[in-house]
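Hi everyone, thanks for coming. I'd like to walk you through one fold today, so please have the sequence and the model open.

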Amino acid sequence: MKRICLWALLLCLPVLAQAQKNLVQLQKDFVDLRFGMFIHFNIPTFMDEDWADPDASPALFNPTKLDCQQWAKAAKTAKMSYGALTTKHHSGFCIWDTKTTDYNVMQSPLKRDVVKEYTQAFRSNGLKVMLYYSILDTHHKLRPGYITRQHIDMVKNQLTELLTNYGEISALIIDGWDAPWSRISYDEIPFEEIYYHIKSIQPNCLVMDLNAAKYPAEALYYTDIKSYEQGAGQHISKETNRLPALSCLPINGAWFWKTKFPNEPVKDPAVLVKDNLVPFNKAYCNFILNVAPNREGLIDPNALAALQKIGELWTEKAMSSNLPTYDAPVISSNLAKKRPANGSWSNDMDIFDFGNDDSFRTSWRSNPVVKNPWYEVTLDKVQPFNLISVYVTQDEITTYQLEYFNNGKWHPIDVKNRVGKAKIHRFPTVYGEKVRMRIDGYKNPPSIAEFGVYNERK
């Protein structure tokens, strides 16, 4: 039997390769979906909290009238085109029939696979299916100071289940990763490894990291889609955005259902359409509105009425976006992060390590009297790399050279100078122990917010 299955898989490989779409086309398709329903529904629903007790009993999860068809039909009334369900939030409770942990819905009074019912309901109503998944998992101690290889394997195994057992998943919205509040880096849970694991199972599944506050708006770092969580103060520029994007907002005052929700007003449908849906769509941005089911597993009447009103007010015809040209996502580990840095003279408040401290809010800045500024990072050993990213807060550098040090001398990297704040350069793999930027022309004393060196998979 195993031999037959292996041969069947081998025969399917050419079909899978043919089915895989170009990433740019997938990003365009996502933007063209325009409007979707975020569904925060998990253990926090039953605790009046957005951040649940990680030791809360599965017995709490008991939606006595769970009806995913109601959710899907409500989405249709608002003219939404997809849904995204919280399969696991930060406290680690899984609402699918997982074999990776006993902390799941099958141990609850419900004993039903919510992810399965959700995916079936949305597809039967002609809606695309996306899933939300949290890297931060406080129940399983997947948090700072405790992360092990077993945690990485758990993440991969859980994502394998979600991407294998529930049909086509258009996107995974991932949260709790490299965020200021989660403090789980892309190295501790390796982004590149997880990214390629997802793509190996479903090549057409977009990987969307919700953390947007840290990374600049001019390039895609560790995500296929640039995301903005409005409640966290992340707001897209409707005038200048040039990336495929997502903006999310709850229709209520919080993400998960609260006991006060049925008796307090939801956000004004007219404002949601006028100030969010319409202008975001014109700025290459998909809008996802969170609608939280209650403890019975149903959407409250006031939210249902608002969704129907949105559908009545939003009358624009579907349009196909023409995305601007932009760089492919940076997804591998930054070899230069927090490595020893050096450069031309700078004031003490703008010293070298600010240029590779993994923060885009601090910068190395050359002293104004320096005529030929330079910036250099020493890697931990001679190693391969094929991408350099230089991010500047002001586009003041006009001409420059990139070089790498190997066998006792500096070698040039053949790249063209780029304008703009995010200067991302991909080139044939070289081997070096140091990397340097020599700045030949500039409008003002040059600065570097983040200097990154990467070895991307080919």
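Predicted model: local features only at pLDDT ≥ 70, side-chain atom pairs only at ≥ 80, totals over all residues.

**The middle of the sheet**

Residues are numbered from 1 along each chain as its sequence is written, and side-chain values use heavy atoms, with hydrogens and water left out.

Ile39 belongs to strand E1. Strands (E, at least two residues) and helices (H or I, at least four) are DSSP runs numbered from the N terminus. E1, residues 35-39, pairs with E2, residues 82-88, in the parallel sense over four bridges; two strands pair if DSSP finds at least two bridges between them.

How many of E1's five residues are buried? Five of the five are, where buried means under 20% relative accessible area, exposed over 50%, and partly exposed in between, using a 1.4 Å probe and protein chains only. Phe35, Met37 and Ile39 point one way, and Gly36 and Phe38 the other.

**The whole sheet**

Stepping back, the sheet is open, with eight strands in the order E5-E4-E3-E2-E1-E8-E7-E6 and parallel pairing. E5 and E6 are the edge strands, each pairing on one side only. From one strand to the next, the twist averages 25°; angles run from 0 to 180 degrees between N-to-C directions, and axes are lines fitted to C-alpha atoms, for helices over the stretch in contact. Helix H5 packs on this sheet and touches E2, E3 and E4, its direction making about 165° with that of E3. Contact here means heavy atoms within 4.5 Å.

**The cores**

Now the inside. A nonpolar core is a set of buried Ala, Val, Leu, Ile, Met, Phe, Trp, Tyr and Cys residues joined through side-chain atoms within 4.5 Å. The largest has 91 residues, and Met37, Phe61, Trp71, Val114, Phe122 and Tyr221 have the most contacts inside it. H5, residues 149-164, gives the largest share, six residues. A second, separate core has 24 residues, including Phe352, Leu402, Ile413 and Ile448.

**A covered helix and a buried aspartate**

Helix H6, residues 191-201, is mostly covered, with eight of its 11 residues buried. Among them are Glu192, Glu193, Tyr195, His197 and Lys199. The buried residues of H6 pack against helix H2, H5, E4 and E5.

Tyr195 brings us to Asp224: their side chains are joined by a polar contact of 2.8 Å. That term means a pair of N or O atoms within 3.5 Å; within protein, one must be able to donate a hydrogen and the other to accept it, and residues adjacent in sequence count only if both atoms are side-chain atoms. Asp224 lies in the loop between E5 and E6. Why does Asp224 count as buried? Because its relative accessibility is 0%. Leaving aside neighbours within four places in sequence, Asp224 is in contact with residues including Leu23, Gln27, Lys199 and Pro329.
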